[in-house]
Amino acid sequence: MELRQLRYLVAVVDEGGFTRAAARLHLAQPGLSAQIRQLEKELGQPLLDRSGRSVTPTEVGRAVLPYARAALAAAHAVRQTVDEHTGLLRGKVTLGLVSGATGHAFDVAAFLADFHASHPALEIALTEDTSERMQAALLAGEIDIALLGPTAEEPPPGLSYRTVIDAPLGAAVAPGDPLLGPADRTAVPLAELRDRPLICLPRGTGVRAALERGCARAGFRPRVAFEAASPQVLAQLAARGLGVAVLPLGEEGSGVGDGLRALRLLGAGLRARIVLARPATGPTSPAARALLDRLGEALPDVSEGAGAGSPF
């Protein structure tokens, strides 16, 4: 009996069939089937029922499965223990990143290059998605850590947040827009956007959630005419006079670019936050813990409500 045969057995049961298990294991299906049959021959009992549309464990297979999983977990723990004592990290760690989350404030490529140089045996994956989907992926264990814009004022059960960017929301408009009014105007009540076409990040992002919450408090629904995942594209659309772009601002209300004028939006809760999100119990693998520690050193720790420049 070999550990790889136990790993193959667990994969077939988890995937419900040989085809998907072979794809997951990067094996040819005939070779996978042969290894499972060899294991069954050695144990003297069939472990899998192949008669249905999906492959299921037999009664003996169900009894064996917990021990197979325990053996694989023990072997993994042995490797982790040795690696921790030698300072070598193996395995895979996944960092989630909301599009445009940090921009110039944090060079993700340089950070990951440095981290990889410190841990060359570690596979590092970077994935971009909306904040909502990344929160779900964190809870499901599909990613280890994420930089995201929270879509609710409190973290969902099971997640922990550390705020790294906290910036006010602003209205970015082309020169000559009626919102600008007096030349010295620097802020505008959110209610003045009631009938204006807005340009914003899509649903599932923290900026969009903050805008919709603020508009609901002000008694109207935002009229979003254009959506884009990139803040730079939002600014370009606003520069063409297609609407008012709702974007996070720097501490002095700057940073929107494209010749736009920026006005701070006045209203409760109109801020854009970027948080370092992780499972509330902490990362489970040494690799994920190492990545979290390095991120903690590289990113600021911003107290609630404090300005920290623009994330874009």
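**A walk through the helices and cores**

The cut-offs matter here: buried means under 20%, and exposed means over 50%. Bear in mind that this is a predicted model.

Where is A229? It sits in a loop, between strand 9 (224–227) and helix 8 (231–239). Now look for T205. A229 and T205 are 24 residues apart in sequence. In space, their C-alpha atoms are 9.0 Å apart.

Next, helix 7, residues 206–218. It has 13 residues, which at 1.5 Å a residue should span 18 Å. The end C-alpha atoms are 18 Å apart, so the two values agree. Which residues of helix 7 are buried? They are G206, V207, R208, A209, A210, L211, G214 and C215. These buried residues pack against helix 6 and several strands: strand 6, strand 8 (198–200), strand 9, strand 10 (244–248) and strand 12. Just after helix 7 comes G219, with a positive phi of about 90°.

On to a helix pair. A general point first: two packed helices are described by the angle between their axes and the distance between the axes. Take helix 2, residues 18–25, and helix 3, residues 29–43. Their axes come within 9 Å and cross at roughly 105°. Angles from 65 to 115 degrees count as roughly perpendicular, and helix 2 and helix 3 are therefore roughly perpendicular to each other. Who meets whom? From helix 2, we have F18, T19, A21, A22 and L25. From helix 3, we have Q29, L32, S33 and I36. By class, that contact holds 6 nonpolar residues, 3 polar ones and no charged ones.

Now the cores. In soluble globular proteins, nonpolar side chains tend to be buried together. Here, the largest nonpolar core has 33 residues. L147, L148, L276, L291 and L295 touch the most other members. Several elements give two or more residues to this core, including strand 3 (91–98), helix 5 (108–118) and strand 12 (271–279). Which element gives the most? Helix 9 does, with 6 residues.

So let's look at helix 9, residues 286–298. Its 13 residues reach 18 Å from first C-alpha to last, close to the 18 Å expected. P286, A287, A288, A290, L291, L292 and L295 are its buried residues. Leaving aside neighbours within four places in sequence, L295 is in contact with L95, F106, F111, I145 and L276.

Technical notes. Residues are numbered from 1 along each chain as its sequence is written. This is a predicted model: local features need pLDDT of at least 70, side-chain atom pairs count only at pLDDT 80 or more; totals for chains, interfaces and linings use all residues. Side-chain values use heavy atoms; hydrogens and water are left out. Helices (H or I, at least four residues) and strands (E, at least two) are DSSP runs, numbered from the N terminus. The expected span of a helix is 1.5 Å times one less than its number of residues. Buried means under 20% relative accessible area, exposed over 50%, partly exposed in between (1.4 Å probe, protein chains only). Axes are lines fitted to C-alpha atoms, for helices over the stretch in contact, and angles run from 0 to 180 degrees between N-to-C directions. Angles under 35 degrees count as roughly parallel, over 145 as roughly antiparallel, 65 to 115 as roughly perpendicular and the rest as oblique. Contact means heavy atoms within 4.5 Å. Ala, Val, Leu, Ile, Met, Phe, Trp, Tyr, Cys and Pro count as nonpolar, Asp, Glu, Lys and Arg as charged, and the others, Gly among them, as polar. A nonpolar core is a set of buried Ala, Val, Leu, Ile, Met, Phe, Trp, Tyr and Cys residues joined through side-chain atoms within 4.5 Å.
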